[in-house]
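Here are some notes for a colleague opening this entry without having seen it before. They are meant to be read beside the sequence and the 3D view.

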Amino acid sequence: MRLRVRFTKLGKVRFLSHRDLARIWERALRRAELPVAYSQGFSPRPKLHFGLALSTGHESLGEYLDVDLDPTAALAVEGLGDLTARLSAALPDGIECTAVAVLDHPGPSLQEAVTRCTWAIELEGPTDRAEEVVAALLAAPSIMVSRDRKGRVTEDDIRPGILSMNVTELSGTVVCLRADLGTQPRTLRPSELVAALGSPWSERRVCRLHQWVEDDGALREPLAPVVAVGAP
Amino acid sequence: MLSLWPRLEPLLSRVSKPARYIGCEDGAQRPAHRPGDVSWLLVYPDTYEIGLPNQGLQILYEILNERDDAVAERSYAPWTDLEAELRAAGLPLFSVDNHLPAGDFDVIAFNLSAELTYTNVLNCIDLAGVPVRAADRTDWHPLVAIGGHCTYNPEPLADFVDLVVLGDGEEVVGEITAAIAAARSQGRAAVLRRLAGVTGVYVPGLYESCTGEDGRFAGLRPVDAGIPSQIEKRTVASLADWPYPKQQLVPLTEVVHDRLNVEVFRGCTRGCRFCQAGMITRPVRERPAEQVRTMVTEGLRRTGYDEVALTSLSTADYSGIDEVVADIIGCGDNISVSLPSLRVDAFTVGIAAQIQKARRTGLTFAPEAGTWRMRQVINKLISEDDLYAAVESAFSQGWRRVKLYFLIGLPTETDEDTLGIVELARRCVEIGRNYQRSPSVTVSVGGFVPKPFTPFQWFGQNTVAELQRKVALLRTAAASARGVQLRWHDPRATLVEGILSRGDRRLGPVIESVWRNGGTFQEWSEHFRLDLWLDAMADAGVSVDEIVHRHREEHEALPWDHLSAGLHKDFLWQDWRDALAEVGLPDCRWTPCYDCGACTGYGIEHIVASAVPPAGGSQGTAVPVLLRTAVGV
Ligand code: SF4
C-alpha cells in the first residue's frame, strides 16, 4: 500500500536541503510508528519517494511524498484518521503534514505525474516597469537561456515552460508575481524565470503554492480523487 | 534583547549550508529571558556539523535551562562565508535558538575539545562585539568562560578568557550561576573574585607568572592571599544522578555522529600513558545498566533515530556490555548500535558481530604502536596474539576491511617500532586472505602530541622533519605490502597542536597574531597555515623548541602546576620512569589502587558493577591488554 502525503515547508526550515528533508521524514515516520516498507540489502532504507525537489531557501504550501507501507503489516485505512496530526507532531516547526491519502493503484511517480506548479514570487526592484517587462516576456516567441546540467551547458528555450504569469502586487520596492511554470520535459525553476526577467530585479522570497497533475485536460492536485484521509 | 532573525534571513540565502544557522532542532529550547536570570551562550568554536553533537554542551544546555535562575542558548562558529556577510552587514555572532546577539548574554562559554580551535575562540569573541583581551572588558561585557578537556592547560588562552572551568560541568555551572547572580551588582571585579572561590573555577586574571632566581618560569601564583593557590577539577560522584541529555538535540541537517548517544561510563583507568582523556577523567563511573536501557529506549522513541552509540573511552569495559547490547538490538528491527571505542579481542569482535548482522564492511582497532616493546612503553599491553586473534575473528566472521590506528613519535620509538606498524598490518592482510579474496587493512597514523597531566608531559615531541621522515619510512614499506593502505595526519598540524598543548602565557600574542592574520578554522586542512604560526612565534620571541621539542626536567615548573586533575605529580613521574623502563601497569579497577590521587584526593570511588574484569580477552585478565575499536565507523 502506498500513502501520499502533502506537507508544507515554511519559515526558517526553508533553508533545509532536499536531502535534509529526506532524513527528517525518515525519523518522523519512525516516530509516528508507521509500518514503512524497507528496501532489501545490506543497508535497508525506508521506501520513500519524493516529488519534485524544492530549491533550498524556497518555501512551499504543497510538497508531496509517497510512502510505501510494509505489505505484511495490517493497517486499516480508518486507522489513518489522525495520521496528519501524528506526523505533524513528529515534524519540526514549519513542516506540517496537511493531508494524507491512500493510493489504491500506485500509478506514475510524483515526478512523472506533476506537469506544472503554481508559484508566488517576491522580487526586490523598481515597481514602475514591472508590468511592462512581464508582458514583454510573455509576448516573446522564445527565451533562450543557457543551463548547466551535470557539467554540460545547453541552450534551452524556457518560454514554453511559462504557462502563465501576472503581477499580483506592487508596493514600495517589492514586486509580487504569480506564475504557473511547467515541469515537463524539464522543470522551469522560479530562479531561472527571475534571471530571465533580468536586472534590476532580484529574488526575495519564493513559495510553491500548488503542484498539478493533468487528467483529461483538467488540472487536479496530486492527492485527489483518491480516498483522502484527514484533508483540511 | 531583540531577535536578529529578520536581518539574518537575507544573508542566509547567500551562504553555504544555511540550515546550520536556523536552530529549530527537536530538543532545541527557545527560553524566555526573565529579568534577573543569568544568561549563558554555549559556543562550540567550530562548525555546527562538528559542534552540534557535542554531548558536554548539550548536557549543560539542559541543566542550565532547567534552573529558575538561568537560561542557555547555543552558538557555533559561522563558516567563513557567513562571517564575511555578518561583518559586511555589521551584524554580530548570534545564538541559533532565539537568534539573539552574543554580546547580550551574561556569559559566553566555549567548549574546548581541540587546540586548533583556539583562534576561532578569539574570532567568536570578536564577532560578538566583545574585546578579545579580558583586560579590556568592562562591566557591560559578558564574561568569557572555557570548559572541556583543553582547559587542563588554559595558559595559552589566559589573556582572552575570564574564567576556566576544570572537570565535569554538571554541578559547577549552577554554582557559577549563583555566584554571578549574587555579586554582579558590585561589578565585574567582584564577580571574578567570587568565582575564583568556586571549586573547579580558575580566574587567570587573578594569577601572575613568577620567575625563579635562575630566570626561568617558576609557576603561577595568586595575586593575593584570598585566592586559592591550587585549583582542583570537579568530578560528579555518580552518573546515575545525571541522566543527561534527556532531550538530545536532533539536527535537521547533516552533522557528524548523527545518532542517539548514550554515555555508559565516564573515566578510564586502563592507564594508556599517551591518553589525556583517560588520566583527567578518573575515576571510572558507570551508569547503571537499567538507566542505560531507559535512556536508549526512550531516546530512540523520542528522536526517531535508528542508531544509538554507547559512548565512553572504552565501551567494551562496561560491566555487562553484551547484555545491554543484546537488549537494545532486541528492541526493534533496523536498530543499529555503534560502539565508538572498544578493546579488541575475540569477545569484543563477538559483540560487534552481534551488532552488525548485515553490514560487515569495516572494523576499527587501535593498537597504537607497532611493536610489543613500544606498547609496553605506552602501557597499551596488547600482545601480537591478541591482535591477530581479533583480526582473524573479524575476517572469519565476514568483515572485509580492518582499520588500524597508530601513533608515531612516541617516547623511545626506534625505526624498528615505526616499521613494526606496516609489519603488523601486512600480517593482518595475510590472516585475512584465509577468509576473504581481497582483504584490506587501512593504517591511520597520527603524530604523538604529549599532553598535560599524563606521564608523557615531560617528553619532547618529535619535530616535523622527524615525523615526516617516519611517514616516508612507512610509505615506502606500505608500498610493497599488498592490501595495506596508509593514511597519515599532517605533521605540521601536529606541531601546532604541540605548541598549544603545553605552551604558556607567552602564547597569547601568538594566537592573537594568527587570528588577526586570518588564521581561523585551523582544524580544516584547507585553512591551516603553519607559516602564520611560525611567524607569530618568531615575532613573539618564543622558541618552538623550548615549548615543544625539549624534554622537560623532573623538578621544573610546568605551566599547569597550579591546576589539579587529582593526579599526584610524583605518580605521573613514576609512571614516566616506568614507561622508559618498559614496565606496564595493570588497570586499578580490578587490582589494588596505586594512589594516583584521582579517587583518594576527592574521597570518591570507582563505580563499576562488575568486580571482575570482562571475560574473553587477555585485556580483561592478569595482563591488561587493551585496544580501542570503532565498530562501523
Ligand atoms: S586513585 Fe587509585 S583507584 Fe583511583 S584511579 Fe587512581 S590508581 Fe585508580
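Which helices do the buried residues of helix 4 of chain B pack against?

1. The model is a predicted one. In it, the buried residues of helix 4 of chain B pack against helix 1 (5–12) and helix 5 (118–127) of chain B.

2. Helix 4 of chain B covers residues 80–89, and its buried residues are L82(B), E83(B), E85(B) and L86(B). Seen down the helix axis, these buried residues fall within an arc of 165°, so they line one face of helix 4 of chain B. Just after the helix comes G90(B), which takes a positive phi of about 70°.

3. The two chains touch: 28 residues of chain B are in contact with 21 residues of chain A. Between them, chain B and chain A bury about 2,100 Å², and 54% of this lies on carbon and sulfur atoms.

4. Six salt bridges are found across the interface of chain B and chain A. A salt bridge also joins the side chains of R45(A) and D306(B), at 3.5 Å from N to O.

5. The ligand has residues of chain B around it, among them T269(B), R282(B), D595(B) and H606(B). By class, the shell divides into six nonpolar, three polar and two charged residues.

6. P283(B) sits in the loop between helix 8 (276–280) and strand 12 (285–286) of chain B.

7. Another cis peptide bond to look at joins Y244(B) and P245(B), where omega is about -10°. P245(B) belongs to the loop between strand 9 (231–232) and strand 10 (260–263) of chain B.

8. E368(B) is worth a check of its backbone: phi is positive, about 70°, although the residue is not a glycine. E368(B) lies in strand 15 of chain B, which spans residues 362–368. With a relative accessibility of 3%, E368(B) counts as buried, because the cut-off for that is under 20%.

9. F453(B) is a residue other than glycine with a positive phi, near 60°. Its place is the loop between strand 17 (440–447) and helix 15 (464–479) of chain B. F453(B) is buried, its relative accessible area being 5%.

Terms used. Residues are numbered from 1 along each chain as its sequence is written. Chains are lettered from A and ligands numbered from 1 in the order in which they are written. This is a predicted model: local features need pLDDT of at least 70, side-chain atom pairs count only at pLDDT 80 or more; totals for chains, interfaces and linings use all residues. Side-chain values use heavy atoms; hydrogens and water are left out. A residue is near a molecule or strand if one of its heavy atoms lies within 4 Å of it. Ala, Val, Leu, Ile, Met, Phe, Trp, Tyr, Cys and Pro count as nonpolar, Asp, Glu, Lys and Arg as charged, and the others, Gly among them, as polar. Buried means under 20% relative accessible area, exposed over 50%, partly exposed in between (1.4 Å probe, protein chains only). Helices (H or I, at least four residues) and strands (E, at least two) are DSSP runs, numbered from the N terminus. The arc is that of the directions from the helix axis to the C-beta atoms. Contact means heavy atoms within 4.5 Å. Buried area is the accessible area (1.4 Å probe) that two parts lose on being put together, summed over both. A salt bridge is a side-chain nitrogen of Lys or Arg within 4 Å of a carboxyl oxygen of Asp or Glu.
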